[in-house]
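Student: Please pick one part of this model and take me through it closely. I would like one connected account that ends at the ligand.

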Amino acid sequence: MIRFNKVLENIKTYEAGKPIELVVREFGIDAKDVVKLASNENPIGTNPAIAKVIRSNADIAHLYPDDSMFELKEALSAKFDIEDENIIIGAGSDQVLEFISRAVLHENASVLMSAVTFAMYEIYAKQMGAKIYRTASYEHKYDEFMEAYRMYKPEIIYLCTPNNPTGDATSKEDVLEIINAVDKETLVVVDGAYMEYAAAKDPAYAITPNDLLGFENVIYLGTFSKAHGLGGMRVGYGIAQAELISELYKMRPPFNISTLSLAVAIEACKNDDFVTKSITLHQEQIKRYEAFADEQGFKYIESYTNFITYLFDENMDSTYIADTLLKRGVIIRNLASYGMNAIRVTIGTEKQNDVFFKHFVEVIA
Ligand SMILES: *Cc1c(COP(=O)(O)O)cnc(C)c1O
């Protein structure tokens, strides 16, 4: 028997949204009839300008990518008005989370996060043998965070705004209040994976990396996976003071971002039109989800993201609903594993949403 690291004993493998292929295989549904609204992907698809960049890089697969990531750092520096030394790039912001965890945590360390938030914070912390503390609410409430902070003095506090999988957000003022109240020995991670959506909805919720760069113990995380529609390319970033970034660099494997991924992320930085178009479509379509819940008489969490979380009472069971929709070729996220009788639905295109509503009405009838 291999003697695995004992930390593995209480780690549950991360369960990603179900892929379209699985529904095709298990339920014999045609791939073109499957609607996937489970992974918060951009429903518009691939920006044609990005597809062009991928094609034009077709002949350089034999070369290692530029490990300095100079051009992408320049593009991000210009976008956010920061310096190259403030940036670390990961294979998704997930990889930056992993660097952070490995750089800061150990067996006697602990982390603090909200009751329901991004699953990877816990998984990475457990990999390091660290303890997990959660506040009582899924919202990021100052009093709850401060009480737990004073009690446990965690090495890391995660503030996910907007929060996944709930969709709510924390205002810039409230985030700064928490940051200002903790001492410099605690690292505060502000995960802004959906920040583009929140910023477009309400400027009071818009946080930029620059807002946080004055704090030595804060890192801002962003990603190209959501509003930029590049989930398949795996590029995210962390932005912080240079000293913190250079420590995280010690955890980075060489060439962690592929040539194609670098090229498309550089293009995406120049191309705000696609994000604007995505957000406009999203804002039109999410109104239908809100109106639908109101008509049907169930609750939802007001969303600052590209998905909406529907909350059910005891007359409705999220597991039954998710399983039945899946058999009909509609993939959404069941939040039962987060302890919520709720589902999370990524807002799709008009057509995809039509399909969702058609089946959903029948399933809940
Ligand atoms: C999607 C997501 C990420 C990371 O996505 P990557 O594809 O790894 O960049 C990070 N945090 C939250 C809250 C997310 O929802």
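Tutor: Start at lysine 6, in the segment before helix H1 (20-27). Helices (H or I, at least four residues) and strands (E, at least two) are DSSP runs, numbered from the N terminus. This is a predicted model: local features need pLDDT of at least 70, side-chain atom pairs count only at pLDDT 80 or more, and totals for chains, interfaces and linings use all residues.

Lysine 6 counts as exposed because its relative accessibility is 55%. The cut-offs are simple: buried means under 20% relative accessible area, exposed means over 50%, and partly exposed lies in between (1.4 Å probe, protein chains only). Now follow the fold. Lysine 6 and glycine 129 are 123 residues apart in sequence, yet their C-alpha atoms are 8.6 Å apart in space.

Next, the loop between strand S1 (35-36) and helix H2 (48-56). Asparagine 40 lies there. Its phi is near 60 degrees, a positive value in a residue other than glycine. Most residues other than glycine have a negative phi. Asparagine 40 has 1% relative accessibility, so it counts as buried. Glycine 45 lies in the loop between S1 and H2 as well. With a relative accessible area of 26%, glycine 45 is partly exposed.

Move on to helix H3. Leucine 72 is found in it. At 1% relative accessibility, leucine 72 is buried. Its C-alpha is separated by 6.9 Å from that of alanine 265, which is 193 residues away along the chain. Aspartate 81 is not a glycine, yet its phi is positive, about 60 degrees. Aspartate 81 is exposed, because its relative accessible area is 61%.

Serine 137 sits in the loop between strand S4 (131-134) and helix H6 (142-152). Its relative accessibility is 10%, so serine 137 counts as buried. Its side chain makes a polar contact of 2.5 Å with the side chain of glutamate 144. A polar contact is a pair of N or O atoms within 3.5 Å; within protein, one must be able to donate a hydrogen and the other to accept it, and residues adjacent in sequence count only if both atoms are side-chain atoms.

Now the loop between strand S5 (156-160) and helix H7 (172-181). Proline 162 is found there. A cis peptide bond joins threonine 161 to proline 162, with omega about -5 degrees. The bond from asparagine 164 to proline 165 is also cis, and its omega is near 15 degrees. Most peptide bonds are trans. Proline 165 lies in the loop between S5 and H7 too. Proline 165 is buried, because its relative accessibility is 0%. From proline 165 to glutamine 352 is 20 Å, C-alpha to C-alpha, across 187 residues of sequence.

Asparagine 164 brings us to the ligand. An N or O atom in its side chain is 2.8 Å from an oxygen atom of the ligand. Aspartate 191 places a polar side-chain atom 2.6 Å from a nitrogen atom of the ligand. Tyrosine 194 has a polar side-chain atom 2.7 Å from an oxygen atom of the ligand. Taken alone the ligand exposes 380 Å², and the protein buries 94% of that. Such areas come from the Shrake-Rupley method with a 1.4 Å probe; for residues, only the protein chains shown count as cover.

There are 13 residues around the ligand, and Asp191, Thr223, Ser225, Lys226 and Arg234 come nearest. A residue is near a molecule if one of its heavy atoms lies within 4 Å of it. By type, the shell divides into four nonpolar, five polar and four charged residues. Here Ala, Val, Leu, Ile, Met, Phe, Trp, Tyr, Cys and Pro count as nonpolar, Asp, Glu, Lys and Arg as charged, and the others, Gly among them, as polar.

How values were computed
Residues are numbered from 1 along each chain as its sequence is written. Side-chain values use heavy atoms; hydrogens and water are left out.
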